[in-house]
Amino acid sequence: MSENNQVIRERSPYKSKIILLGFLIGLFFTMIAWIIDIILNKIHISFAGILQIHKENPVIFMIDLIPVITVITIYIVNRRRKEEKQVFDARIKERDARLDKMAEFAQQIGEGNYEAQLDLATNNDTLVNSLLLMRDNLLSNYKKESEQSWIAEGKAIISDILRLNNKIEELSGQVVHDLVKYINVIQGALYLFNEDNDTLINVATYGYNRKKYINQEFKLGYGLIGQCAYEMEYIYRTEIPEDFATITSGILGDQKPQSILIVPLISDEKLQGVIEFASIEPEIPELTIRYLQELAEIIARTILNLKVNQRTEQLLRESQQMTLELKENEEQLRQNAEEMRITQEQLQKSNEQLEAKIVEVENAQKRLHSLLENASEIISIYDENLVMTYESPSVTKILGYTPEEMMGGKDVERLTRKGETSIKEMFSKLLENPGEPVTIQYTYMKKNGRKIFIESTGRNLLDDPAINGIILNSTDITERKRAEREERLKSKMQALSENSLDLIIRLSTVGQYFYANPVVEYYLQVKPAELINKTLNEVSGSEALFNYFKDTIEIIKASPQKTNTEITIPAVIDDNKTDRIMSIDAIPEFNENELETILFVGHDITEAKQIELEIQDKNRKIQDSINYAERIQSSILPDNKLVRQYLPKSFIYYIPRDVVSGDFPWFFKKGDLLYIAAIDCTGHGVPGALLSFVGYFLLNNIVDHDRKMTASEICDQLHYAVRKTLKQDKQDAEARDGMDIAFCQIDLREKEVQFAGAHRSLYLLRNGELIEFKGNRKAIGGIPHRKKAEVDFTNHSIKYKHGDKIFFFSDGLPDQLGGPEMKKYSPKRIREAILNNKDLSMEKYNAYFAEDFEKWRGNNKQIDDVLLIGIEF
């Protein structure tokens, strides 16, 4: 403060000089003003002149005040600065005092006094708040470190006890004694858990500095001790029940504890015991509870280890006792062993003799089983009630069933009705005539589902003690039956081939004749009997036939498969020489999977070939006519190029099923009106095309009329015109032909589309939404209903907007079968395709439907003409 006063005293002369300088500057300006006025008024410089200019110019008086005003202003400014300086000095002094207090506070904290107080208003002072926060944090850390240190020290005390004691009783008493003292309670007890009877037994109690001997037991779940053990969670109570034990001492007398703590001793999630503490204080500190929880696991693990050790010692003692007993019995056992050895040698000799006989019997049984299993017949035995009592193992090889699967009447279940009847009749005969065997044949179903022929011979051996039943010997005769059938068929084929008009020859693989029917004489001029056993080289005849036989034999030897060849062969029939066209099948014949012979069967197709040539010529002429009709139809029908002159954003997807089509697009322009339609005539191909010409020209005549009509009126006119043209309005009319139509009249000036339909709809795509305008459920043309009045076609008027898209089509597109499940293309698929691709242009719509339709159709045949028209405005 003295330094500040010194600075003020030093600055006082400086302030006087400033005031004087201000006065002189103000006086200088005043004199300049006088001089200027004197010069301008040409007055002599004198006192009188100065008075004169004041009289003439009163403003000079105001200028004369400038020095005074300057001095006053400087004085006021200096005074204000002095006051501000005093306020500033006071603030500096206050700040220094605060800093001194904060420095003293920080020094106390540094010396470890975490309870020090800072008597300063915070007023959002960051430094003060930081110092207080630092003190609180240091105090908190100090408390935590003290608590951890206390817990660690307590653990170390108990750990020493646990390490030095190996008896549970001694360890329990010492632990309870030291814990009672360390946590400062008046009484403690430790209970061990007995797993055998689920009880907790008191093993140590300590209170008021002396050990107590109290025998207590608690069942698991009973009382606070039992509850703590059952829940395996500690119990802390400050509200003590009235019936709880009292604490007796010479100082306090009888008094109930104010708080108790019971902690379970758990190791590896298994209960080992419970430790209990009682205090006369109202509360047990949280730190003490945490300490006991952490210590409980250590005590429990030590108790578990001691239990294991005690159990091990007990087992060792028992083992030693048993060893002594075994030694005492060893001599007796040795004597018994000698007697047993002699007995065993005698028994072994008897066993060896018995085993030799058993092996001999088993071998005999195996031989018998093997013979029965691999026998070519099945042996079955039935009792007098016709119930199967035995089935030989060969049944598995022959029928596929095990003997067990044939028992219990299941053998009869697999017979046909005829076979079952035959079996019953055979049994009846055997019972009536026991001495005569009976043989029958029937079919049987094998396990693999194959039917075979069985021949069974039955004998009545009920009187034979060894058999005591009816025995059946059954054999699979399927191959014998097949051979007999083949022999019969061969005989029939021999007869057929002898009377056949076809050429039939059988050759060996080296070209030797094995068989030839009479027809061969026409082509080789040799009788069949003269050909047998001769080779190709030994028989003269047609060179073409000789080369064919030779080449075909080599081909089939390389690849034994049936072949067919058409060949022209010279023949002599009824003494007339002629060339015959033969279709010859070469069929390889095998014996035991080896090529044995080749059967040649030649069919004369000369007349068929001539007819085929005539048909081909007629078909060519018909096809030429149809192609010409297609050119005519194509020339009159509109295409994409024509329609796009007036509707640039449009497409026509048109695929006729045949060359000419019953479906056709139609387009007409009249003034500001455009007419466009998709028409589906009854049928397809030529009939449909003829009807399409009728519809095409009738529509042209109707629309070209002078009177303006709506779309529905045009459809009505077409309906009656078709009916009249096809004479369907007559009483005896039979022609039901007609057509379906989706007809649009587009007014480009009014931006309006009129639509009418016969069995066909129009789809409008606008702002991502698809709207369907349905046509009438009636066709164009057809025989009128005699008892029901006809309804005119409905006219739909649509004001189209920019970006609107319309689609209409014939039924050939949705009715096409295809896809993975051979289903129809369907209107639903068309609607989904339009909506899912709503941003496509008309040209891309055309490409999309073309690709999707071909993919859906795949390799399937197109079932109808396909027509789809799309327009975007």
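# A tour of the chain, stop by stop

Start by selecting residues 248-253: pLDDT stays under 50 here, and the model has eight contacts for this stretch beyond four places in sequence. You're looking at a predicted model, and where pLDDT is low, the predicted coordinates should not be read in detail. Now colour the whole chain by pLDDT. The mean is 82, and 90% of the residues reach 70 or more. Residues 1-10 are another stretch to treat with care: their pLDDT is below 50, and beyond near neighbours in sequence they have one contact in the model.

**Zoom out**

Show everything as a cartoon. The chain has 22 helices and 32 strands. Of its 873 residues, 36% count as buried. As for the contacts with a separation of 6 or more, 56% of them join residues 24 or more positions apart.

**Helix 1 and a nonpolar patch**

Next, select Leu21, Ile25, Phe28, Phe29, Ile32, Ile35, Ile36, Ile39, Leu40 and Ile66. Together they form a nonpolar patch on the surface, with about 960 Å² of accessible area. Which helix gives the most to this patch? Helix 1, residues 2-41, with nine residues. Click on phenylalanine 28 for one of the patch members that lies in helix 1.

**Asparagine 184**

Jump to the loop between helix 6 (168-182) and strand 1 (187-194), where you'll find asparagine 184. Check its backbone: phi is positive, about 65°, although this residue is not a glycine. Asparagine 184 is exposed, with a relative accessible area of 64%.

**Lysine 730**

Head along to the loop between helix 20 (711-725) and strand 23 (738-747), and pick lysine 730. Its relative accessibility is 44%, so it counts as partly exposed.

**Isoleucine 746**

Stay around here and follow strand 23 to isoleucine 746. Is this residue buried or exposed? Isoleucine 746 is buried, with a relative accessible area of 0%. To see what it touches, leave aside neighbours within four places in sequence; its contacts then include Leu647, Leu673, Leu674, Ile676, Val753, Ile871 and Phe873. Tyr800 is on the contact list as well. Draw a line from isoleucine 746 to tyrosine 800, C-alpha to C-alpha, and you get 9.6 Å, for residues 54 apart in sequence.

**Methionine 822**

Now go to the loop between strand 30 (817-818) and strand 31 (823-824), and select methionine 822. This is another residue to check for its backbone: phi is positive, about 50°, although methionine 822 is not a glycine. Methionine 822 is partly exposed, with a relative accessible area of 44%.

**Last stop: helix 21**

Select helix 21, residues 827-836, and highlight Ile830, Ala833 and Ile834, which are buried. Why do these three sit on the same side of helix 21? They cover an arc of only 95° around the axis, which puts them there together. There's a handy rule behind this sort of pattern: an α-helix has 3.6 residues a turn, so residues three or four places apart point the same way. Turn to the other side of helix 21, and Lys828 and Asn836 are exposed. Finally, bring up what covers the buried residues: among the elements are strand 25 (762-766), strand 26 (769-773), strand 29 (805-809) and helix 22 (842-857).

Methods. Residues numbered from 1 in each chain as written. Predicted model: local features only at pLDDT ≥ 70, side-chain atom pairs only at ≥ 80, totals over all residues. Heavy atoms only, no water. Buried < 20%, exposed > 50% of the residue type's maximum accessible area, 1.4 Å probe, protein only. Helix = DSSP H or I, 4+ residues; strand = E, 2+ residues; numbered from the N terminus. Arc of directions from axis to C-beta. Contact = heavy atoms within 4.5 Å. pLDDT = per-residue confidence, 0-100. Patch = residues over 30% accessible without salt bridge, like charges linked within 9 Å, V, L, I, M, F, W, Y side chains within 5 Å. Areas by Shrake-Rupley, 256 points an atom, 1.4 Å probe, with all protein chains shown as cover. Salt bridge = Lys/Arg side-chain N within 4 Å of Asp/Glu carboxyl O.
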